[in-house]
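Please read this report with the sequence and the structure open beside it.

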Amino acid sequence: MTSSERAPGRGTAVVMGGGLAGLAAAWALRGFAERIVVVERDRYPAGTEFRAGVPQGRHAHLVLEAGHRLLEEMMPGIRQELTAAGAQQVAASDVKWLCAAGWLAEYPAQVGFLSCTRPLLDKLVLDRVRAHPAIEILEGTDVVGLLGSAGVVTGVKVRSRGSAHGSERSENGSERDAEHGSAHDSVHDSAHDSARGSERGEVREIPAELVVDAAGRSTSVPKWLAELGCPPVPEERVDAGVAYASRIFHRPAGSELGPGRAAYLQTKAPDAPRLGVLLPVEGDRWIVSLAGMRGAEPGPGEEGFTEHLGLLRDPLLRELLRDAEPAGGIRGFHPGPGMRRHYERSSPDGLVVVGDAASTFNPVYGQGVTVALFCARELRRTAKRHGGIGHATARAARHAVAAASKIPWMISCAEDARFRATTGAPSGSLVGLQHRFFDKVLAASTRDPAVTAAFHEVMSLVAPPSLLFRPPVLTAILRA
């Protein structure tokens, strides 16, 4: 069918980036676009191997309760597939959580998360997406520019990486991120035609009614928009200087932390800027990530990892790992600053930006994947409301995506602001009031299960912070 024969608003959608954010966006557009093309610079592994192209994939990852509920809604049955593949169901109350005020109270939690390695989650989502007949994945392909003008984006320019253009992404992650995914083994004929047409690395064009940027924090879209004559996109930037060191261990037999249990030793601002998290993953293993804010980053190698363990606020992780056998080496990661780009304020028609390309959070709060799924949900809702992928959908989706990231950004930035070395953080009397109230919440969460449950729901993005102001919860908080 030619473009002139297509129903209005139901032509081609191009998704830049084939990581979780991009795959979820492509999945969200099924039924509303006749053709969905995912352009991914990397190549997917056959199994669940770690890849240099997803540097933070080697570190502790979780999808919050709100994200898992949404993922199951989007892809029914995927929770069962994850557990069958070894993902561990962890109730919030099965996390030994040392918050700034002490250990959280124990209670039978109704929220939690599935814990697995990032490659397992990526693979199962990819399997769903690549099987859909309307979705093409161009692996090993770079987007090298946008088509259109300052008023409207009308497609993308792409070029096959091939042997002349291929390169591994940096493992330090400062310029690389998890929003780029992988590739797939068999693509549609048009994808094969594209690869053949680009073997010599020439640039070709893919016209589209909708372009979705899911290329992650290192996206080039702001630069390309400037080349089209667009004004700079307003942005906020908050940088706590966080850095990670992670390692996978075999869980020792008889450990006090059995299957389906986790541990989180949180920071305590401003004088305890180090944290550690232990999550159970498939294969009866643990993934342990240590992190520190600026000035308290983990040192390199075995010595740095061991030293950081000893500097945490509690010896729990050090004791748990005493008899644990490493299942791999130590990996470092510098995610870079948190950033929120306001495309809802300034953007040409035909463009929607999702995932880390729109909002990047300090990863210690575990919000990124869940917010990327929120973006996909809003993209589908607006496409349904407007009956396709036309400009009205893009405009509405930009505002909906911004709204979906507002609360997670507020939570992340407010906590980062507690550390003296954070740059760009919000300040003033309102932030101070927020800190004082949240301190009371944490204090109450160490002794009142009702407050702990509300705290877990807010941090899991299941409920808005206003839950903490409901009379029974607020009374307990103020009493504490």
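In helix H1 the buried residues are Leu 20, Ala 21, Gly 22, Leu 23, Ala 24, Ala 25, Ala 26, Trp 27 and Ala 28. H1 is thus mostly covered, with nine of its nine residues buried. The model described here is predicted.

H1 covers residues 20-28 and packs with helix H4, residues 118-130, at an angle of about 25 degrees. The axes of H1 and H4 are 10 Å apart. Because angles under 35 degrees count as roughly parallel, H1 is described as roughly parallel to H4. The crossing of H1 and H4 is left-handed.

Which residues make the contact between H1 and H4? From H1 come Leu 20, Leu 23 and Trp 27. From H4 come Arg 118, Leu 121, Asp 122, Val 125, Leu 126, Arg 128 and Val 129. Sorted by type, the residues of this contact of H1 with H4 are seven nonpolar, no polar and three charged.

## Helix H2 and helix H10

Helix H2 spans residues 65-74, and helix H10 spans residues 368-386. Their axes come within 9 Å and cross at roughly 40 degrees. H2 and H10 are therefore oblique to each other. H2 passes H10 in a left-handed crossing.

On the H2 side, the meeting residues are Ala 66, Gly 67, Leu 70, Leu 71 and Met 74. On the H10 side they are Thr 370, Leu 373, Phe 374, Ala 376 and Arg 377. The contact of H2 with H10 holds seven nonpolar residues, two polar ones and one charged one.

How many of the 10 residues of H2 are buried? Seven are, and H2 is mostly covered. The buried residues of H2 are Glu 65, Ala 66, Gly 67, His 68, Leu 70, Leu 71 and Met 74. What do these buried residues of H2 pack against? Their partners are H1, helix H3 (78-84), strand S6 (112-115), H4 and H10. Both H1 and H4, described in the section above, are therefore among the elements that the buried residues of H2 pack against.

## The chain as a whole

The secondary structure of the protein chain comes to 14 helices and 21 strands. The chain has 480 residues, and buried residues make up 57% of them. The protein chain exposes about 19,200 Å², of which carbon and sulfur atoms supply 51%.

Contacts can also be sorted by how far apart the partners are in the sequence. Among contacts in the protein chain with a separation of 6 or more, 77% are between residues 24 or more positions apart.

Two pairs of C-alpha atoms give examples of distances between residues. Ser 466 and Ala 454 are 12 residues apart along the chain, and their C-alpha atoms are separated by 10.0 Å. Pro 231 and Ser 346 are 115 residues apart along the chain, and their C-alpha atoms are separated by 7.4 Å.

## Residues in loops

Pro 231 lies in the loop between helix H7 (221-227) and strand S12 (235-238). Ser 466 is found in the loop between helix H13 (449-459) and helix H14 (471-479). Leu 461 also lies in the loop between H13 and H14. Asp 284 is in the loop between strand S15 and strand S16 (285-292).

| Residue | Relative accessibility | Class |
|---|---|---|
| Pro 231 | 53% | exposed |
| Asp 284 | 43% | partly exposed |
| Leu 461 | 12% | buried |
| Ser 466 | 46% | partly exposed |

Leu 461 is classed as buried because its relative accessible area is 12%, and buried means under 20%.

Some backbone values in the loops deserve a separate look. Most residues other than glycine have a negative phi, and most peptide bonds are trans. Asp 284 is not a glycine, yet its phi is positive, at about 55 degrees. Leu 461, also a residue other than glycine, has a positive phi near 60 degrees.

Which residues does a cis peptide bond join? The bond lies between Ala 269 and Pro 270, with omega at about 0 degrees. Pro 270 is found in the loop between strand S14 (262-265) and strand S15 (274-281).

Note on methods
Residues are numbered from 1 along each chain as its sequence is written. This is a predicted model: local features need pLDDT of at least 70, side-chain atom pairs count only at pLDDT 80 or more; totals for chains, interfaces and linings use all residues. Side-chain values use heavy atoms; hydrogens and water are left out. Axes are lines fitted to C-alpha atoms, for helices over the stretch in contact, and angles run from 0 to 180 degrees between N-to-C directions. Helices (H or I, at least four residues) and strands (E, at least two) are DSSP runs, numbered from the N terminus. Angles under 35 degrees count as roughly parallel, over 145 as roughly antiparallel, 65 to 115 as roughly perpendicular and the rest as oblique. A crossing is left-handed if the near helix is turned anticlockwise from the far one by less than a right angle, and right-handed if clockwise. Contact means heavy atoms within 4.5 Å. Ala, Val, Leu, Ile, Met, Phe, Trp, Tyr, Cys and Pro count as nonpolar, Asp, Glu, Lys and Arg as charged, and the others, Gly among them, as polar. Buried means under 20% relative accessible area, exposed over 50%, partly exposed in between (1.4 Å probe, protein chains only). Accessible areas come from the Shrake-Rupley method with a 1.4 Å probe; for residues, only the protein chains shown count as cover.
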